[in-house]
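Welcome! Here is a friendly first tour for anyone meeting this structure for the first time. Please keep the picture at hand while you read.

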Amino acid sequence: MSSTLLFYISAITAICGGIIMLFSRNTVNSAMGLLLSFVSTAGIYLSISSPFLAVAQIFLYSGAVAVLIVFVIMMIDEQKKYELPVHGLFSKSIAIVSVCYIGYVLIDIMKVSSGASVVVSDMRILGRLMISDYLLHIEALSLVLIISIMAAILVAKRKS
Amino acid sequence: MIYHYVVLSLILFSLGLITVIVRRNLIVILIGIEFMLNSVGILFVSYARFYNNYIGEFVALVIMLIAACEMAIGLSIVVAMFRIYGSVKSNDIRELKN
């Protein structure tokens, strides 16, 4: 697939995800719109041939953040119903198409990484930057991560 | 071509901003903030790739990490707020008003 076509498909799905997030009454649907938009963003990163950031996007955003949001929605059970609306034929077909799309994007990542025709973002340069010029930033980020983990535990802890 | 990426990033950012302004559920507001951060990441990566500069990709990575931290703390605050007020609507939280 050419990168332009990948960009347009991903852009349209990202905007659709945003519209779902904005207009759906159910909180779970908003989270699913966010997830759709994150996966589409990974496709956009692929279309500008930056496969490392695409994989990081899927792992970090879709894997961690979206799952965290869904867990919290499940915990605070405001409406006492949090089943995913995957009942009708339309929803099921949309689910199947999106899973196929994610699989295609993942296969495309491998193709882009191994193909030689495109100028792919070089992971070696980025990694070398991380441990030479921006070492201080990375260390500060690790501190931020530790502090945020501790703060999240402290804030959400039940007072005994 | 980079114009398309800028326009897409603008559209996504405005969708997130409208979500933050319009919706009253605290979790959906956090989702909108996350959406805005994501759109800024798209802008950084597209400029980095079009000018073949790696600093932009690094900044996008930093944005992802900061967004994960922000999400953890924000959601824990939402959970604590739900324990106190019994609701996650932003209208119900008006302790400082009087």
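What you see is a predicted model. Chain A has six helices and zero strands, while chain B has three helices and zero strands. The largest nonpolar core holds 54 residues, and helices of chain A together with helices of chain B supply it.

**The two chains**

- Following the sequence of chain A gives the pattern α-α-α-α-α-α, and following chain B gives α-α-α.
- Chain A has 160 residues, of which 36% count as buried.
- Chain B has 98 residues, and buried ones make up 49% of them.
- In chain A, take the contacts with a separation of 6 or more: residues 24 or more positions apart account for 62% of these.
- In chain B, 57% of the contacts between residues at least 6 apart in sequence join residues at least 24 apart.

**The largest nonpolar core**

- As background, nonpolar side chains in soluble globular proteins tend to be buried together.
- Which residues touch the most other members of the largest nonpolar core? They are A:I69 and B:I27.
- At least two residues of this core come from each of α1 (3-23), α2 (27-47), α3 and α5 of chain A, and likewise from each of α1 (2-22), α2 (26-50) and α3 of chain B.
- α3(B) gives the most, with 12 residues.
- Domain 1 (3-121) and domain 2 (122-160) of chain A each provide at least three residues to this core.
- Leaving out residues up to four places away in sequence, A:I69 touches A:A31 and A:L34 in chain A, along with B:I27, B:I31, B:M71 and B:L75 in chain B.

**Helix α5 of chain A**

- Helix α5 of chain A covers residues 123-131, and its buried residues are A:L126, A:L129 and A:M130.
- Looking down the axis of α5(A), these buried residues fall within an arc of 100°, so they line one face of the helix.
- Turn to the other side of α5(A) and you find A:R124, A:R128 and A:I131, which are exposed.
- What covers the buried residues of α5(A)? The cover includes α3 (51-76) and α6 (135-156) of chain A, together with α3 (54-85) of chain B.

**Aromatic rings**

- Over all chains, a search of the whole structure finds six aromatic pairs.
- One of these pairs is A:F38 with A:Y61, which is stacked, at 4.3 Å centre to centre and with 20° between the planes.
- That pair links distant parts of the chain, with A:F38 in helix α2 and A:Y61 in helix α3 of chain A, 23 residues apart.
- Both A:F38 and A:Y61 are buried.
- B:Y47 and B:Y51 have ring centres 6.0 Å apart and planes at 10°, so this pair is stacked.
- B:Y47 counts as partly exposed, at 37% relative accessibility, and B:Y51 counts as exposed, at 58%.
- A:F7, A:Y8, B:Y5 and B:F50 form one aromatic cluster, with members from both chains.

**A buried serine**

- A:S37 sits in helix α2 of chain A.
- Is A:S37 buried or exposed? A:S37 is buried, and its relative accessible area is 0%.
- Aside from neighbours within four places in sequence, A:S37 is in contact with A:A14 and A:G17, and also with B:F35 and B:N38.

**Two loop residues with positive phi**

- A:S49 is a residue other than glycine with a positive phi, near 50°.
- A:S49 lies in the loop between α2 and α3 of chain A, and counts as buried at 9% relative accessibility.
- B:N52 is not a glycine either, and its phi is positive at about 50°.
- B:N52 lies in the loop between α2 and α3 of chain B, where it is partly exposed, with a relative accessible area of 48%.

Conventions
Residues are numbered from 1 along each chain as its sequence is written. Chains are lettered from A and ligands numbered from 1 in the order in which they are written. This is a predicted model: local features need pLDDT of at least 70, side-chain atom pairs count only at pLDDT 80 or more; totals for chains, interfaces and linings use all residues. Side-chain values use heavy atoms; hydrogens and water are left out. Buried means under 20% relative accessible area, exposed over 50%, partly exposed in between (1.4 Å probe, protein chains only). Helices (H or I, at least four residues) and strands (E, at least two) are DSSP runs, numbered from the N terminus. The arc is that of the directions from the helix axis to the C-beta atoms. Contact means heavy atoms within 4.5 Å. A nonpolar core is a set of buried Ala, Val, Leu, Ile, Met, Phe, Trp, Tyr and Cys residues joined through side-chain atoms within 4.5 Å. Domain bounds come from an automatic or database domain assignment. Rings of Phe, Tyr and Trp (its six-membered ring) pair if their centres lie within 6.5 Å; planes under 30 degrees apart count as stacked, over 60 as edge-to-face and the rest as tilted.
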